[in-house]
Amino acid sequence: MAVSTRGDYASRALLSLVLNDNGRPISVRDIAERTGLPQPYLEQILLALKGAGLVRSKRGVGGGYVMARDPAEVTIGMIVRAVDGPISLGDFGQPHQDGACDHEGQCVLLAIWDSVGQSMRAQLDSYSLAAVAEVSRGRAPWPKCDAEQPR
């Protein structure tokens with residue numbers, strides 16, 4: 001699975017909201033300028049994030065977007081799911097369900113795809129937006145991926 005452009009842009013947009021939080025809404029134009037994201041696409045993404053309850057919007061002069069939840073409660077996984085749907089390696093089904101193991105060795109592979117998908121979801125859900133902001137500000141060390149951890 002690759003994180004989509006939508007997932008990346010949504011994460012970048014929310015990180016910008018957190019990094020530039022001054023208690024007032026931030027306009028889509030300002031977010032687009034800070035992040036280098038295309039404004040029309042960013043508007044669509046912010047609407048999806050609003051629908052997921054991650055941001056709130058204010059119309060009119062001084063309008064824009066603010067976080068609807070505490071950044072410490074929002075994970076990268078939540079952001080990706082809000083704009084892309086469920087995080088999985090594919091739509092293979094669960095082993096031993098709905099006739100999923102009709103072919104030679106298929107159950108073993110289905111179990112592997114399921115396990116890797118669970119690991120991916122857990123990894124993305126382990127990073128809160130607040131923690132990513134602290135790393136971005138230079139106040140916390142860069143996270144290490146599992147591949148870098150000694151076994």
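Start by selecting arginine 56, which stands opposite valine 66 in strand S2. Welcome to the tour of a predicted model, in which local features need pLDDT of at least 70 and side-chain atom pairs count only at pLDDT 80 or more, while totals for chains, interfaces and linings use all residues. Residues are numbered from 1 along each chain as its sequence is written, and side-chain values use heavy atoms, with hydrogens and water left out.

**The hairpin**

Now show residues 55-58 (strand S1) and 64-67 (S2): these run antiparallel and are joined by 4 bridges. Strands count as paired if DSSP finds at least two bridges between them. Between the two strands lie 5 residues, and there glycine 60 takes a positive phi near 90°.

**The whole chain**

Zoom out and colour by secondary structure to see 6 helices and 2 strands, in the order α-α-α-β-β-α-α-α along the sequence. Helices (H or I, at least four residues) and strands (E, at least two) are DSSP runs, numbered from the N terminus. Of the 151 residues, 30% count as buried, meaning under 20% relative accessible area with a 1.4 Å probe and protein chains only.

**The core**

Next, select Leu14, Leu49 and Ile79, the residues with the most contacts inside the largest nonpolar core, which has 30 residues. Such a core is a set of buried Ala, Val, Leu, Ile, Met, Phe, Trp, Tyr and Cys residues joined through side-chain atoms within 4.5 Å. Helix H1 (5-19) is among the elements that give two or more residues to this core, as are S2 and helix H5 (106-125). The largest share, 7 residues, comes from H1.

Stay on isoleucine 79 and look for its contacts (heavy atoms within 4.5 Å). Leaving aside residues up to four places away in sequence, isoleucine 79 touches Gly7, Ala10, Ser11, Leu14, Leu49, Leu54, Val74 and Leu129.

**A serine in H1**

Move to serine 16, also in helix H1. Why does serine 16 count as buried? Because its relative accessibility is 5%. Beyond residues up to four places away in sequence, serine 16 touches Ile26, Ile31, Arg34 and Thr35.

**The largest pocket**

Finish with Tyr127, Val132, Val135, Trp142 and Pro143, the closest to the centre of the largest pocket among the 10 residues that line it. A pocket is an open set of points on a 1 Å grid over the protein atoms alone, where a 1.4 Å probe fits, with protein on both sides within 12 Å along at least five of seven lines; lining residues have an atom within 4 Å of a point. Helix H6 gives the most to this lining, with 4 residues.

Notes
Buried < 20%, exposed > 50% of the residue type's maximum accessible area, 1.4 Å probe, protein only.
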